[in-house]
Amino acid sequence: MIWLGFDIMGKAFASCILIGVLTGLMGVFVVRMRLSAIGYSMSHGAFAGAALGVATSNNPLVCAILFAFFVAFLIGPVADKARLHADTITSIIFPLNMALAFIFLTLTPEIGLTSQVANVLWGSIISITNSDLVYMITLCAVTVSIIYFVWKELFSIMYNRKLAEADGINTKLFVYLIILLSGIVTTLSLKLVGGLLIYALLFNPASTALQFLEDMRKVIIVSPLIGVTTNLLGLYASLHLNLPVGSCIVLVSTSVFALSVLISPKRKRRVEGE
Amino acid sequence: MNNRNTIINLDNVSTVYEGERRAALRDVSLSIIENELVYVVGPNASGKTTLLETINGLLKPFMGSILVSGLNMKNHGRRLRAEIGYVPQDFMVDPGEPYLSIDVVMMGRYGKIGVLNKPDERDREKALDSMRLLEIDELSQRPMGKLSGGQQQKVMIARALAKEPKILLMDEPFSNLDPESKRRIPELISRLHEKNRFTTIVVTHETNRLMEACRRVVVMDNGRVTADEAPEKALRALEAGT
């Protein structure tokens with residue numbers, strides 16, 4: 001069964017790279033556009049969707065994506081139409097998602113916290129399938145293409161949304177696009193670290209890159225590299241210490257971020273200037 | 001006033017900020033002629049900034065209409081904003097901002113370039129030209145957060161000029177400048193206005209150079225236009241508190 005071991009490891013390795021790229025890229029937009037609370041809600045929305053899928057014997061991934069879409073729709077256009085502040089809507093949606101997830105699980109007590117549900121909660125790298133990898137590769141290609149084609153609009157919105165609007169850019173459209181893409185990326189990353197830890201993958205690499213770099217074009221390249229590196233280091237630590245992969249990845253990623261804060265030249269200059 | 005030459009027309013416009021009951025602009029009617037240079041003065045919270053943000057469509061009026069170049073701002077906002085240079089009042093950025101000043105200036109052209117199109121060498125040259133005009137071209141590769149308040153203000157003016165706007169709206173554009181720049185930049189704006197013939201509206205607190213700066217001053221108080229006169233009369237109206 002050595003080939004199976006390699007197969008699982010190969011998939012684990014590939015998914016660490018692909019998810020590192022995806023969350024590293026999307027994290028830059030989520031952090032710079034101050035959508036952190038939104039990322040938080042989306043990941044729990046995906047978890048609720050996956051729980052619904054498990055409870056109704058449907059594909060948890062498809063249900064998680066549909067639920068994430070629904071949450072994106074609530075956070076984006078519906079909240080705008082109702083003139084609700086992002087903080088307000090995410091504060092309402094986050095507990096709602098968790099309440100729904102637990103109701104879905106309670107409705108089917110025979111399932112409870114079975115491995116399928118636990119996989120969504122905590123992640124399970126060995127349950128990553130070839131189809132998951134195909135989805136991730138496709139999403140990587142789509143995400144990189146979108147960023148390439150509308151980079152100048154995203155670049156400008158990340159600097160200052162009001163000024164971008166004043167320059168004639170349809171900022172709403174691009175912010176919704178980022179919310180939607182973040183939802184899909186979050187959903188596809190659930191199997192690696194699970195719904196409760198996924199936002200660390202979104203925020204840590206981008207926040208780490210921002211501690212050092214003074215040009216956003218470099219940030220968008222370095223953040224995915226940090227994402228990939230910390231994912232692989234986390235996987236390596238997990239294999240050697242026999243600990244959960246998701247937790248190890250988050251611990252490595254958080255440690256790298258903490259280290260970056262300590263040695264950040266930008267931070268030092270700021271402290272000296274005070 | 002000749003209708004053919006009116007580039008901005010506000011007709012009984014009232015604007016209110018979200019979550020507030022009191023209108024920030026009340027029944028404002030104002031016509032600005034093409035190529036005109038108009039200064040807007042008035043005490044704090046008199047509606048000067050609201051006026052600019054309403055003209056460029058960032059704030060939607062709850063009453064009245066705004067026509068820019070004959071088009072209704074409500075229906076053609078983005079298209080019109082791509083032709084309007086805007087220098088905001090609040091622009092200070094965090095010291096760690098990962099943006100080079102040349103990039104910030106280039107952004108002024110993004111709406112004009114259009115979605116899916118990439119900025120080219122010509123756009124970069126335009127951005128550098130406007131930085132040269134303000135004598136900040138040597139700062140082009142420096143991060144925005146590392147510049148002083150006055151330098152950042154010049155970058156924002158360069159950003160608006162790089163757009164090659166038909167209309168230039170400037171909100172307190174001289175407030176952070178050093179005394180020498182405070183003298184030179186308004187002169188530069190007047191000179192550029194003469195040369196490029198764009199319509200310019202400048203909101204300012206500083207009334208000491210109004211006489212030499214323009215021929216028309218709009219005085220605002222409590223959300224209303226209280227005087228719309230030549231500088232000497234407007235200044236008298238301002239002092240009288242009308």
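Here are some questions and answers on a predicted model with chains A and B.

Q: How many helices and how many strands are there in chain A?
A: Reading from the N terminus, the elements of chain A run α-α-α-α-α-α-α-α-α-α-α-α-α. The count for chain A is 13 helices and 0 strands.

Q: Which element of chain A has the lowest mean pLDDT?
A: Chain A averages a pLDDT of 84, and 90% of its residues score at least 70. Helix 7 (residues 151-159) of chain A has the highest mean among the elements, at 95. At the other end, with a mean of 63, is helix 13 (residues 265-273) of chain A.

Q: What share of the residues in chain A is buried?
A: A residue is taken as buried if 20 or more other C-beta atoms lie within 10 Å of its own. Chain A has 274 residues, and the buried ones make up 49%.

Q: Among contacts in chain A between residues at least 6 apart in sequence, what share joins residues at least 24 apart?
A: Contacts here are pairs whose C-beta atoms lie within 7 Å. Of those in chain A that are at least 6 apart in sequence, the share joining residues at least 24 apart is 73%.

Q: On which residue is the kink in helix 9 of chain A centred?
A: Helix 9 (residues 171-193) of chain A has 23 residues and reaches 31 Å from its first C-alpha to its last, close to the 33 Å expected. Even so, there's a kink of about 30° in helix 9 of chain A. The kink is centred on A:T187.

Q: How many of the 23 residues of helix 9 of chain A are buried?
A: Helix 9 of chain A is mostly covered. As for helix 9 of chain A itself, the buried count is 18 of its 23 residues.

Q: Why does A:V250 count as buried?
A: A:V250 sits in helix 12 (residues 245-263) of chain A. Leaving out residues up to four places away in sequence, A:V250 touches A:V193, A:L197 and A:A200. The cut-off for buried is 20 or more C-beta neighbours. A:V250 counts as buried because its number of C-beta neighbours inside 10 Å is 23.

Q: Which element gives the largest share of the side of chain B that touches chain A?
A: The contact takes 23 residues from chain B and 23 residues from chain A. On the chain B side, helix 2 (73-81), helix 3 (101-107) and helix 4 (110-113) each give two or more residues. That side divides into 15 nonpolar, 4 polar and 4 charged residues. The largest share, 3 residues, comes from helix 2 of chain B.

Q: How many residues of domain 2 of chain B are in contact with domain 1 of chain B?
A: The domain assignment gives domain 1 of chain B as 1-83 + 169-242 and domain 2 as 87-164. Their centres, taken over C-alpha atoms, are 23 Å apart. Domain 1 of chain B brings 13 residues to the contact, and the number from domain 2 of chain B is 11.

Q: Which helix supplies the largest share of the side of domain 1 of chain B that touches domain 2 of chain B?
A: Two elements each supply at least two residues here: strand 7 (167-171) and helix 7 (179-196) of chain B. The residues on this side divide into 6 nonpolar, 3 polar and 4 charged. The largest share, 3 residues, comes from helix 7 of chain B.

Q: Is B:L116 buried or exposed?
A: B:L116 lies in the loop between helix 4 and helix 5 (121-133) of chain B. Its phi is positive, about 75°, although B:L116 is not a glycine. Most residues other than glycine have a negative phi. With 9 C-beta neighbours inside 10 Å, B:L116 counts as exposed.

Q: What is the phi of B:N35?
A: B:N35 is placed in the loop between strand 2 (25-33) and strand 3 (37-41) of chain B. With 15 C-beta neighbours inside 10 Å, B:N35 counts as partly exposed. Its phi is positive in a residue other than glycine, near 70°.

Conventions
Residues numbered from 1 in each chain as written. Chains lettered and ligands numbered in written order. Predicted model: local features only at pLDDT ≥ 70, side-chain atom pairs only at ≥ 80, totals over all residues. Domains from an automatic or database assignment. Contact = placed C-beta atoms within 7 Å. Helix = DSSP H or I, 4+ residues; strand = E, 2+ residues; numbered from the N terminus. Nonpolar A, V, L, I, M, F, W, Y, C, P; charged D, E, K, R; others polar. pLDDT = per-residue confidence, 0-100. Expected span 1.5 Å × (residues − 1). Bend = angle between axes of the 7 residues up to and from the residue. Buried ≥ 20, exposed ≤ 12 C-beta atoms within 10 Å, placed from the backbone.
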